[in-house]
Amino acid sequence: MILVPLDLQDKEMVKQWDDFCFYESGAWFWHTTDWMRYTLAYRLDRNPQNHSFMIIEDEQIIGIVPLIIEHDRSAILDGIDFYEFSYGAGPVPFMLFSRYAKSNTIIKAYCMVVETIDEIANNNRVQRGIFQHSALCTDTPFRLSYKNRTYDAVGSHTQLLTLDRPFPSLLRQMRKGHISDVKRGMEMFNLWGVDSAVYGSALFEQYEHLHAKANGHVCRSSTTFKMQYDWMQAGNGLLFAAMKGGIPYGFVYIFLYKNKAYFGSACNAPEYR
């Protein structure tokens, strides 16, 4: 069993990683190299550095460990710059093992992974790491302990919609305030779903512009918008625009991956907040 660093410039290695994600039910979009590249381009002010690696046994991938180190320039610990394992200041996707691997193999791999993460942390002055598991996955992470390193499940709020129900049924499950907002928005705006090259390029430029306007400044690179546009053209994303008089006053971007939809990004004109 060996651990192999992920080289994002190696097309074959990237394909192996993404194929593993696609066929493993426990993997979600945030495990893929697409999202890893997005994260590396997202907060350049945090100087993100990729330290992800794969677990290989008998020339087969049996696990992946997404791992990025970022520099939190807003925090100082004992006079020392603060570094953490994070994804754009958010949680790192939890390590993933093959569902076909035997339990003793997974335990051995986990021990190697923990030691490697410790070594990477010590060599790069990392003080903190937060890891996240998606509620959309069919497989739940199990508790694993090695020495005094234990990952415990810590619940957090999430928002899930089962889209096999008709719209009126979904609406009835919302709070009265949300129902009112939805109905008022439907009266004020026309909703455009953009997934083709016909309107995509022009509307994406407006989406990027409105995103900066809504935040008061440019908060992420144009590279990330280019990635979103390419994913949409490949059928892996949708852009929705709230239109009025032919002008977009709000956007929502949705990621599509393995028959699941993920909220990605949203912005709206300040006058319609």
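A residue counts as partly exposed when its relative accessible area falls between the 20% limit for buried and the 50% limit for exposed. In this predicted model, Asn47 has a relative accessibility of 38%, so it belongs to that partly exposed class. Asn47 sits in the loop that links α2 (33-42) to β2 (49-50). Its backbone deserves a look as well: phi of Asn47 is positive, at about 50 degrees, although the residue is not a glycine. Most residues other than glycine have a negative phi.

Asp58 is another non-glycine residue with a positive phi, here near 55 degrees. You will find Asp58 in the loop between β3 (53-57) and β4 (60-65).

## Helix α7 and what follows

Now let us turn to α7, which covers residues 222-233 and has 12 residues. From its first C-alpha to its last, α7 reaches 17 Å, close to the 16 Å expected at 1.5 Å a residue. Which residues of α7 are buried? They are Thr224, Phe225, Met227, Gln228, Tyr229, Trp231 and Met232.

Just after α7 comes Gly235, with a positive phi of about 85 degrees.

## Aromatic pairs

The model holds 23 aromatic pairs. One of them joins Phe22 and Tyr23, whose ring centres are 5.1 Å apart; their planes stand at 90 degrees, so this pair is edge-to-face. Phe22 has a relative accessible area of 45% and is therefore partly exposed. Tyr23, at 59% relative accessibility, counts as exposed.

Phe29 and Trp30 form a further pair, with ring centres 5.2 Å apart and planes at 65 degrees. Why is the pair of Phe29 and Trp30 edge-to-face? Planes over 60 degrees apart count as edge-to-face, so the 65 degrees between these two rings puts the pair in that class. Both Phe29 and Trp30 are buried, whereas Phe22 is partly exposed and Tyr23 is exposed.

Key. Residues are numbered from 1 along each chain as its sequence is written. This is a predicted model: local features need pLDDT of at least 70, side-chain atom pairs count only at pLDDT 80 or more; totals for chains, interfaces and linings use all residues. Side-chain values use heavy atoms; hydrogens and water are left out. Helices (H or I, at least four residues) and strands (E, at least two) are DSSP runs, numbered from the N terminus. The expected span of a helix is 1.5 Å times one less than its number of residues. Buried means under 20% relative accessible area, exposed over 50%, partly exposed in between (1.4 Å probe, protein chains only). Rings of Phe, Tyr and Trp (its six-membered ring) pair if their centres lie within 6.5 Å; planes under 30 degrees apart count as stacked, over 60 as edge-to-face and the rest as tilted.
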